Amino acid sequence: MKKFLAVLAAALCVLMAFSPAQTAEQDAKTKEHVKICFSMPVGLAEALAEDFTKASGIEAEVVPLPPGSAEHRFNFLTSSASDVWLGGTAEEFYLAAESGLLVSYQPQEVYALPAEFRQNNWLWTALYIDHIGFLSNKENLHYFGLYAPETWDELLASPLKYELALTDPKSGGAGYGMMTALWQLRGEEAALDYAAQLNRQRPEYFVNLQETIDEVRQGYKTVAVVPLSVALLLERSEPNLFATLPLDGNKNLISGAAVLNGPNREAAGKFIDYLLSERAAEIVDAAGHQLVWSLSSAAGDNMRRRYTGRLLTPVDDLSWTAAQKSAIISRWQQAGRSD
């Protein structure tokens, strides 16, 4: 009997020693997890992921989407086993959907999105909107005797030859947005005629947005075509820079998020719902992106109404702006070259 009791006591000790470890291991296996691949400022992506974890208890891992061709980035989204793509553009999401990378998810707060930004199949969700702006160097404008431009035609002024900075349109954003916006608003013939005149101004294209900004900041160029939010932010922080926007044709620069064909779809959907919350909008503000407007916020925001109330913007045909991107850029940049 004593021997039996001793064996039983030893067995209980073993169970007590291993049970916490086994329980912890089981908890780790059952704990929800979401992997977020982002193409946006790293600080903002990390802030959103951290706050989402606090709010939901779901572990959020963030990985940056590397630069490169669409094929290269889409391969990374697949090989990395990511669950969410955060920060992509409407054109990028369209191509990803065509490649079968996205999974349909209808957010709970569907009513919070304006009708013009809702996708019928919900393969991606629009979150934030920006527009095209002009960033001008005040000293250079004074030297040339010019006012800051407020129309596209004002970029054709003779003194601005060799004075225009744009980001490589292959990377999308404002540099590509100006092409598709004017093409859709003016029609092909008029848009390519404008492109020919702009090409005679010898605008210079830079690899990324930061290089484009620096050219104007340092006075090497006079006007840059950039996102409006960036131009307004720089105007506030640097007295020699001035922000305007073209009222005769602009572009809805949409960024959003999409559920990928990854292993954690339920957690991915919860993250999409979080992104549409006021809590997430506050995180965006706190991270210094107050001038990028949340689509789920009130459309009557004073600053948004002040800067965008009179904008002329097309409703993009993504089957054209996304699928024909290379052809659009080539025809635009070659316009008038044989003159």
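How do α2 and α10 lie to each other, roughly perpendicular or roughly parallel? The close-ups below take up this question and a few others, using a predicted model.

**View 1. Helices α2 and α10 pack at an angle of about 110 degrees.** Their axes are 11 Å apart. Angles of 65 to 115 degrees count as roughly perpendicular, so that is how α2 and α10 lie to each other. Look for L48, D51 and F52 on α2, which meet A267, K270, F271, Y274 and L275 on α10. By class, this contact has 6 nonpolar, no polar and 2 charged residues.

**View 2. The largest nonpolar core holds 28 residues.** The members that touch the most others are V34, L48, V84, L86, F271, Y274 and L275. Elements giving two or more residues to this core include β1 (33–38), α2 (42–56) and β3 (84–89). Helix α10 provides the largest share, 6 residues.

**View 3. Here we zoom in on Y274 and its contacts.** Leaving aside residues up to four places away in sequence, Y274 touches L48, D51, F52, R279, A280 and I283. A second, separate core has 27 residues, L164, A191, L198 and I329 among them.

**View 4. Helix α7 (residues 188–199) packs with helix α14 (residues 325–334) at about 55 degrees.** The two axes are 7 Å apart, and the helices are therefore oblique to each other. On the α7 side you can find E188, A191, L192, Y194, A195, L198 and N199, which meet R331, W332, Q333 and Q334 of α14. This contact of α7 with α14 is made up of 6 nonpolar, 3 polar and 2 charged residues.

Key:
Residues numbered from 1 in each chain as written. Predicted model: local features only at pLDDT ≥ 70, side-chain atom pairs only at ≥ 80, totals over all residues. Heavy atoms only, no water. Axes fitted to C-alpha atoms, helices over the stretch in contact; angles between N-to-C directions. Helix = DSSP H or I, 4+ residues; strand = E, 2+ residues; numbered from the N terminus. Parallel < 35°, antiparallel > 145°, perpendicular 65-115°, else oblique. Contact = heavy atoms within 4.5 Å. Nonpolar A, V, L, I, M, F, W, Y, C, P; charged D, E, K, R; others polar. Core = buried A, V, L, I, M, F, W, Y, C linked by side-chain atoms within 4.5 Å. Buried < 20%, exposed > 50% of the residue type's maximum accessible area, 1.4 Å probe, protein only.
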